[in-house]
Amino acid sequence: MPNSNHLKLSLYHRNFCLFCSRVINAIKGLDIEIDGKNIWKDSDALRELEQATGRSTVPVLRIESADGEVTWMPESRDIVRYLGSLRG
Ligand SMILES: N[C@@H](CCC(=O)N[C@@H](CS)C(=O)NCC(=O)O)C(=O)O
């Protein structure tokens, strides 16, 4: 089971997004530190997301491991499942 202490997690999301709300609600019940990146309020975040994924669809979880490897995970269900598998 991966330990979230060794990861830097950022959730790319926006307002009025049901799929984003699903993830944000799931996070509330977990003891995990996640940086929120609202792509409607943060143009740098939008640019990062578009560069990485080729689109502006949210939610997307950016996972940076201790060695600097970065993974971009789309799909709210996958994100919720992944976060639930982490130890805080
Ligand atoms: N299957 C995806 C759906 C994500 C989705 O449709 N997100 C909407 C906002 S709620 C979106 O970003 N639409 C704009 C776009 O795809 O560019 C999930 O569960 O995360």
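An oxygen atom of the ligand sits 2.7 Å from an N or O atom in the side chain of serine 76. That is a polar contact, meaning a pair of N or O atoms within 3.5 Å; within protein, one must be able to donate a hydrogen and the other to accept it, and residues adjacent in sequence count only if both atoms are side-chain atoms. Taken alone, the ligand exposes 500 Å², and the protein buries 68% of that. Accessible areas here come from the Shrake-Rupley method with a 1.4 Å probe; for residues, only the protein chains shown count as cover.

A word on the model comes next. It is predicted, so local features need pLDDT of at least 70 and side-chain atom pairs count only at pLDDT 80 or more, while totals for chains, interfaces and linings use all residues. Residues are numbered from 1 along each chain as its sequence is written, and side-chain values use heavy atoms, with hydrogens and water left out.

Back to the ligand. Glutamate 75 also takes part: an N or O atom of its side chain is 2.8 Å from a nitrogen atom of the ligand. Valine 58 uses its backbone instead, with an N or O atom 2.8 Å from a ligand nitrogen. Which residues are around the ligand? They are Arg14, Cys17, Phe19, Ser56, Thr57, Val58, Pro59, Glu75 and Ser76. Each has a heavy atom within 4 Å of the ligand. By class, this shell has four nonpolar, three polar and two charged residues. Ala, Val, Leu, Ile, Met, Phe, Trp, Tyr, Cys and Pro count as nonpolar, Asp, Glu, Lys and Arg as charged, and the others, Gly among them, as polar.

Cysteine 17 is joined to cysteine 20 by a disulfide, S to S 2.4 Å. A disulfide is a pair of cysteine sulfur atoms within 2.5 Å. The whole structure has one. The torsion about its S-S bond is about 75 degrees, so the disulfide is right-handed. Are these cysteines buried or exposed? Both cysteine 17 and cysteine 20 are buried. Buried means under 20% relative accessible area, exposed over 50%, and partly exposed in between (1.4 Å probe, protein chains only).

Now look at the aromatic rings. Rings of Phe, Tyr and Trp (its six-membered ring) pair if their centres lie within 6.5 Å; planes under 30 degrees apart count as stacked, over 60 as edge-to-face and the rest as tilted. There are two such pairs. In one, tyrosine 12 and tryptophan 72 have ring centres 5.1 Å apart and planes at 50 degrees, so the pair is tilted. Tyrosine 12 lies in strand E1 (residues 8-13) and tryptophan 72 in strand E4 (residues 70-74), so the pair ties together parts that are 60 residues apart in sequence. Strands (E, at least two residues) and helices (H or I, at least four) are DSSP runs, numbered from the N terminus. Tyrosine 12 is buried because its relative accessibility is 1%. Tryptophan 72, at 24%, is partly exposed.

Phenylalanine 16 and tryptophan 40 also form a tilted pair, 6.3 Å centre to centre, with 50 degrees between the planes. Phenylalanine 16 is in the loop between E1 and H1, and tryptophan 40 is in the loop between E2 and helix H2 (43-53), 24 residues apart. Both residues are exposed.

Finally, visit helix H1, which holds lysine 28. Lysine 28 is exposed because its relative accessible area is 64%. Glycine 29 is in the loop between helix H1 (18-28) and strand E2 (35-38). Glycine 29 counts as exposed too, at 67%.
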